[in-house]
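Thanks for sending this one over. Here are a few notes to read alongside the model.

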Amino acid sequence: MSVKILGTGSFLPENVVTNDFLSTIMDTSDEWISSRTGIRSRHLVKTEGTTKMSVLAAKSALLDAGIQASELDLIIVGTITGDEITPSTACEVQAAIGADSAVAYDINAACSGFMFAMHSAYAYLQSGIYRNALVIGAETLSRIMDWNDRSTCVLFGDGAGAAVMGMGQEGILGFEQGSDGARGSVLACKSRANHNPLVQNETGLDYVHMDGQEVYKFAVTTVPASIERVLEKAQIRAEDVKYFLLHQANIRIIQSVAKRLHVSMEKFPISLDHCGNISAASIPILLDEVNKKGLLNKGDKIVMSGFGGGLTWGTCVMEW
Ligand code: COA
C-alpha cells in the first residue's frame, strides 16, 4: 500500500487582471511581463480571502475524492497569507466544512508550502497514524505586494488548490525536501506590526522584497538537481514521467529545468500564463487543472516540484 491523491480541487477569484490593465496603473507593459515571465493575466481577490478560497477548493477536492469531510483525520494548509494569525486557515477550513474529527494546522514554507504539507501528510498516513488527509495551498498574495514595485507585484496572483490524500495500491514513490535559511533574505516579507510599547516599530518592511536574479539562479540549479535525486532514488527515468508539475513562477525557469532534464516542454503543463505565481497554491491548482482535463490515467508517473521563500524546495514522484 502507498499514499496517493484521491481527489483534487481548486478555486480562482473571479476578478481577472491582465498585463494590459496593469500597464494602465503602473509603468509596465504586456511585452515586458510576458516576454520575461510567460505571465499574461492573474486572478486577484476583491471580496474573497485565503480561508474562503481554501474552503471552496477543499469542497471541490472532497467531491472529486468521494470522501466526506467527517472522514478527514488531518488538514494542513500551506500559506503565508492566512486571513488571521490565529486561528489558522486550516482550523477555519475545518470549521467551515465540518471536518470535526480532523486535526488542523498551517505550514509556512512559502512557494514550497503545498509540497511540505503533502510530505507531512504522507508521513502521517504512511505510518498509519491517520487515514485521510486534506492538503491545501492557498494565498492572497495581493495583500502583501508593494503595488509601487513593478518588479515584484506583476508576478503574483491569488487562489487556492487542494488535494485529498489516502491509501491506495499506487501513489507516492519518492519525496525530498530541503531548506537553505542562510539565503532567505533574497525573497522576504517582514509584514507584521509590533504592538510592544517598549519597542519602536520598524518602517518600510511591509511588503515582499525579492532579488529576482538570485531567486532565478537558486531555482534553475536546485530544482533540476532535486528532481534528478528523487527520480534516481525511485529508479524512474525522466523520459518515463508523463508530466512535471512545477511551481509556476516563471516560464524561463521551467524551460531551463526541462532543458537540464532533457525533457520536452510538452511534459510541463503551464498555468502561470493565466494565474501568475500563486506561491503555495500554484502546484495544486495546476494539478487540479490537469486532473480535471482528464489528462491523468492510472499508472501515469508524475513529478511535482515546488521552490521559493525560506529558501525552501520540495519534490515528489508518484504513480497516479
Ligand atoms: N515592467 C517594466 N520594466 C520593469 C518591470 C516591469 N514590471 N520590472 C522591472 N523592470 C525594469 C527594471 O527597472 C530594469 O530597468 P533598468 O535596466 O532600466 O534598471 C529592467 O526592467 C530589468 O530589470 P531586471 O530586474 O534586471 O530584470 P530581469 O531580467 O532580472 O527580470 C525577473 C526580472 C523578476 C522577471 C527575473 O529576475 C525573474 O524571473 N526572477 C525569478 C523570480 C521568481 O520567480 N520569483 C519567485 C520564486 S518563488
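Before the points, one term: an axis here is a line fitted to C-alpha atoms, for helices over the stretch in contact, and angles run from 0 to 180 degrees between N-to-C directions. Please also keep in mind that this is a predicted model.

1. Let's start with the helix pair. The axes of α7 (residues 212–234) and α8 (residues 251–261) come within 9 Å of each other and cross at roughly 40°.

2. Sorted by class, the contact has ten nonpolar, two polar and three charged residues.

3. Now to the sheet. Five strands form an open sheet in the order β1-β7-β6-β4-β5, and the pairing is mixed. The edges are taken by β1 and β5 (103–107), each with a single partner strand, so one side of each has no neighbour in the sheet. On average, neighbouring strands are turned by 20° against each other, direction ignored.

4. Is strand β1 (residues 2–11) mostly buried or exposed? Eight of its ten residues are buried, so β1 is largely enclosed by the rest of the structure. It pairs with β7 (residues 158–168) in the antiparallel sense over nine bridges. If you want a place to look, lysine 4 has glycine 166 of β7 as its bridge partner.

5. For the parallel part of the pairing, look at β4 (residues 74–78) and β6 (residues 133–140), which are joined by five bridges. Here valine 77 stands opposite isoleucine 136 in β6.

6. Two helices deserve a look against this sheet. Helix α4 (residues 89–97) packs on the sheet and touches β4, β5 and β6, with its direction at about 145° to that of β5. Helix α5 (residues 113–126) lies across β1, β4, β5, β6 and β7, and runs at about 165° to β6.

7. Just after α4, glycine 98 takes a positive phi of about 75°.

Note on methods: Residues numbered from 1 in each chain as written. Predicted model: local features only at pLDDT ≥ 70, side-chain atom pairs only at ≥ 80, totals over all residues. Heavy atoms only, no water. Buried < 20%, exposed > 50% of the residue type's maximum accessible area, 1.4 Å probe, protein only. Helix = DSSP H or I, 4+ residues; strand = E, 2+ residues; numbered from the N terminus. Pairing = 2+ DSSP bridges. Contact = heavy atoms within 4.5 Å. Nonpolar A, V, L, I, M, F, W, Y, C, P; charged D, E, K, R; others polar.
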